[in-house]
Amino acid sequence: MNRTLAVLVLGVTAPLGSLAAQHQARSPSQVLGIEVGADSVLADWSQIGSYMADLARASEYVRLDTIGHSTLGKPLLLVTLTAPRHQARLDAIRGAQALLADPRGLTPELEDSLVRHQPAVVFINNNIHSTEIASSQFSMILAHRLATDDRYRQLLDRLVVLMTPSANPDGLDTVVAWYRDHQGTPYEGGPLPWLYHPYVGHDDNRDWFMLTQAETRAISHVLYQEWFPEVVWDLHQMGNRGARMFLPPFSDPVNPNIDPIVVEAINLAGTAMAGAIYDAGLTGVEHQSRFDLWWHGGMRTVPARHNMLGILSEAASARLASPIFQGPEELRTAEAGVNYPHPWEGGWWRLGDIIEYELLAAEGLLRLAGDQREQFVRRFVRLGRRAVARGESEAPYAFLIPAGQPDPARVAILANTILGAGVELFRATRPFEADGRAYPAGTLVIPMAQPFRAHVKDLLEPQRYPDRRAYPGGPPIEPYDVAGWTLGLQMAVDVRQVDARFSYEGERVELVTVEPGTVHGQGAQRVLTNRANMESKTIADALALGARLWVTPRPIETGDARLPAGSVVLDHPGNPGQLDSLVAAHVRAYGYDAWAAEGLRPDAPVRQGLPRIALYKPWTASMDEGWTRWVFEQHGIPYMSVTDADIRRGSLGDRYDVLILPDVGDSSIVNGYSPTEIPPEFAGGIGQDGARHVAAFVQGGGVLVTLDASSTFAVSWLNLPVRNGLAPERGSAGGSRFYAPGSIFGVSLEPGVPLTSGFPDSVHVYFARSVVTEAAAPARVLGRYLPAPLRSGYAVNQEQLEGKAALVDVSVGEGRAILFAFRPQHRGQTHGTFKLLFNAVLLSTMR
C-alpha cells in the first residue's frame with residue numbers, strides 16, 4: 001500500500017502555528033458576508049474554498065490541501081481537522097493508518113502502541129450530488145465549530161477529521177448559478193436542463209469501483225492509498241414527503257462479502273447519530289428504509305468492502321435553498337415504530353433545518369468515534385486480519401487474468417481499476433498451474449489473502465441476489481440500485497477464479513501498461529480484426545483522413561494469416577503512407593495487432609470519409625447521454641451534440657449521417673419538461689414536428705441508433721415491425737411476470753455482419769430494467785437472449801427473456817434504425833459491448 005501523501009497545499013504556505021497568530025478564526029458568515037445556511041442563500045465553490053483557506057490560515061487545528069482537480073479543472077479540496085499536536089505529525093499518522101489497514105506488517109508490540117496513541121480517522125464526504133446542496137454549506141459551519149468550540153476541540157485530541165466540502169465542485173457551481181439566476185421566478189428551486197456533473201450527473205455516486213471520473217479517482221486515492229480512515233460518512237438528501245433524515249441501520253439484504261463486524265459497527269454509528277438528533281429535541285429520523293447493503297459502487301458501499309464503516313445520511317430536501325411548508329396531509333410517513341420512533345409532524349422545512357440535522361449527526365458520530373477511539377482502531381486491525389485469514393483458508397484463493405487476451409487495453413483498464421482501490425496485484429514471472437490449468441508468464445494474479453479481499457472478490461465473482469418477496473407468491477422486493485456488476489463479464493475480460501491452493505512466482509505491479517502490438521506482413525492496405533475497442537478509434541481516424549473501408553463478409557487470407565469474417569479493411573490509395581503511420585502509432589499505443597495486405601478488393605459495401613455523428617442531448621438532463629459522450633471521447637469517436645431546437649429545425653440529413661437517441665423514454669423525447677417546470681427555451685422536447693423530422697431523416701437515408709428506452713420512440717414514429725416482447729401479466733402480482741433489475745445476461749450474436757464485427761458468437765450485456773422486444777420481418781435480429789440467460793444479478797421468470805431480441809437492425813426507406821434493447825455503454829462499465837455502439841455509428845452507413 002502507498003504510504004505517502006503527495007498533495008498541493010492551497011492557501012497555506014507556512015507552518016500552521018505561525019499563521020494562527022495572524023487573526024482569530026472567523027465564522028463563514030463573517031468571512032463571506034452572507035448568512036450561510038439562511039433561506040435563499042448559497043455559497044459557491046470559490047466562496048467555500050476562500051472560507052476554508054481563511055480558516056486554515058487562522059487556526060492551527062485546520063489544514064487545507066488540494067488533492068486533485070475536477071473534470072472542469074476546479075481544485076478538489078481536503079480539509080484536515082485535528083489537534084495541533086497531530087497536525088505536526090500527519091505523515092506519521094498516515095503511515096500508522098497504512099499499517100493498521102494492512103496488519104500483516106504489525107507486530108503485537110507495535111499494534112498495542114498504535115492502539116494506545118493513534119487517533120481514529122473519520123472521512124466526511126459532502127455534496128457529491130450537487131442539488132443535494134446543504135452539506136456543502138454545512139461543511140463550513142462544521143469546520144468552524146471543530147476549530148473554535150472547546151467541546152469539539154476536545155474530540156480532535158482523539159480524532160483526525162478529513163472532509164471534502166464538495167465532491168463535485170463543477171456541479172455545485174452549476175446548481176448555485178442556476179438557483180441565483182432564477183430566484184424570484186416560477187422556476188426558483190426547480191430542475192436544471194443539464195447534468196450537474198459534466199458527464200455523469202447523479203451517477204457520480206455510481207462510479208466508486210469503476211473510477212472513471214477525475215473526482216472519484218482523486219478521493220479514492222485519499223481513502224485507499226493515503227489515509228485509510230476507519231469511518232467514511234457520505235451526506236445526501238432525499239425526497240421530502242416522509243422522514244426528515246435516514247440513518248443506518250440499512251435495509252436487507254447484506255452483501256455476503258461485507259464482514260458482519262462492519263455491519264454491526266455501522267448500525268452502532270447510525271443509531272448514535274440518530275440519538276444525538278433526538279436528544280436535541282428534533283424528530284423524524286428513520287432507519288431501515290430503502291437503502292440496502294447489497295449494492296457495490298457507491299461512496300458508502302465501497303468503504304464497507306475496505307473494512308471501513310460506510311455510513312449514509314439522507315436528509316429531506318427543501319427546494320434547493322428555498323423553504324417549503326408541508327402540512328401533515330402532504331406527508332407519506334410510516335407509523336411510529338422501532339425504525340421510526342418519532343415521526344415528523346409537518347411544518348416549515350428549510351436549508352437551515354437540514355444543516356442542523358447534519359451538525360447534530362456529526363456530533364453524534366464524532367463523539368462516538370472519539371469516546372471509543374481505541375475500539376475503532378483495534379476493530380480496523382481485526383477486520384484486516386480476518387480478511388487475510390479468509391483468503392488464506394477458503395476459496396477463492398485468487399483471481400487470475402491470463403495473458404494474451406484479445407484486447408490488452410481492456411485488460412489494463414480492469415487491472416488498473418482494481419489497483420486504484422488499493423488492491424494488491426502481481427504479474428507471474430514464470431509459467432505456473434492453478435486448478436489443473438497451465439498459465440503463462442505475464443498472467444496477472446490477484447491473491448485473496450489481502451486486507452481488501454471483500455472489494456475485489458465482490459467485483460470479480462458473479463452476484464446472486466436473494467429472492468425476497470413482499471409476501472409469499474408476491475412481487476419481489478427490489479434492490480436499492482442494481483443486483484449484479486461482475487467486471488470480467490461486463491468488460492469481456494477473461495477472469496478466472498482459483499478454488500484450490502497453488503503457488504507461483506511473481507512481481508508486485510503498481511500500474512498495468514499495454515505492450516505494443518505488431519503490424520504483420522507487407523502491403524499498403526491494413527486489416528483489423530476489430531476485437532479491441534481502440535480499433536474503433538483507428539477506424540474513425542482513418543476515415544477522417546479520407547481512407548475507405550469495408551467489412552469482410554467471409555474469412556480472408558493475407559500472408560500467413562487467416563483473418564475472420566467481420567474483419568475491417570482500410571485502404572487509402574491516395575496516401576498509403578499516412579494510413580501506415582496512423583495504424584503503426586495506434587498499434588504501438590493500444591497493444592492490438594494489425595495486418596498489412598495488398599490487392600484486396602471490396603466484396604461488401606464501402607464507406608469513405610467519417611460519418612457525421614449526432615448525439616441527442618435532451619433538456620431533461622439524461623445521464624445516459626452524458627455517459628455516451630464520455631465513452632465516445634475516451635475512444636476518439638467524434639460526435640456533435642444536438643438539442644431539441646436542432647431537431648425541430650428539420651433537414652437533418654443535410655447535417656448528419658447518424659443520429660443517436662440515448663436511453664430516454666418516448667414521451668420525454670417528444671414532450672420534455674412542461675413550461676411550468678422549466679424556462680420555455682428548455683421546455684417541450686422535440687415535439688411532434690421534431691419526431692416527424694427524425695422519421696424523414698431515416699427515410700431519406702439516415703441511420704437512427706436508439707439505446708434502450710428510446711427504442712420505443714423509434715418503434716412508434718417509424719412504424720417498425722417490433723413490439724413488446726412480454727405477455728401481459730397473469731395471475732397474482734409478481735407470480736408470472738418477468739422482472740430484472742440491473743443484471744448481466746448472455747446474448748447470442750449473428751456473426752460476420754458490420755454491426756457485430758470483432759465479436760464472438762455471444763456476449764454479455766447489461767440489462768437495467770430494460771425494454772424487451774420481439775421483431776418480425778423485414779427487421780433483422782442480430783442479438784438474442786440465450787437460454788437461461790442470467791449470468792450475474794437477479795431475475796424473476798428469466799425464461800420469458802429467452803430468444804427475445806436484444807439488438808435489431810431495420811431498413812426504413814433509404815435508411816435504417818438500429819435498436820439496442822439494453823445500454824451498451826452502461827455507466828462506463830460495459831467495455832465488452834462498447835464496440836457494438838461504435839460499430840453502429842461507424843460501420844452502418846456504408847453504401
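Predicted model: local features only at pLDDT ≥ 70, side-chain atom pairs only at ≥ 80, totals over all residues.
Visitor: What makes the meeting of the Asp571 and Arg548 side chains a salt bridge?

Guide: Their N to O distance is 3.0 Å, and a salt bridge needs a side-chain nitrogen of Lys or Arg within 4 Å of a carboxyl oxygen of Asp or Glu. Residues are numbered from 1 along each chain as its sequence is written, and side-chain values use heavy atoms, leaving out hydrogens and water.

Visitor: Why is Asp571 called buried?

Guide: Its relative accessibility is 8%; buried means under 20% relative accessible area, exposed over 50%, and partly exposed in between (1.4 Å probe, protein chains only). Asp571 therefore counts as buried, while Arg548, at 24%, counts as partly exposed.

Visitor: How do you know that Asp657 and Arg607 form a salt bridge?

Guide: Their N to O distance is 3.9 Å, so the pair falls within the 4 Å limit. Both Asp657 and Arg607 are buried.

Visitor: What makes Arg104 and Asp102 a salt bridge?

Guide: Their closest N and O atoms are 2.8 Å apart, so they meet the definition too. Arg104 is partly exposed at 39%, whereas Asp102 is buried at 7%. Through shared partners, salt bridges join Asp102, Arg104, Glu424 and Arg508 into one network.

Visitor: How many salt bridges does the structure hold?

Guide: There are 48 in the structure.
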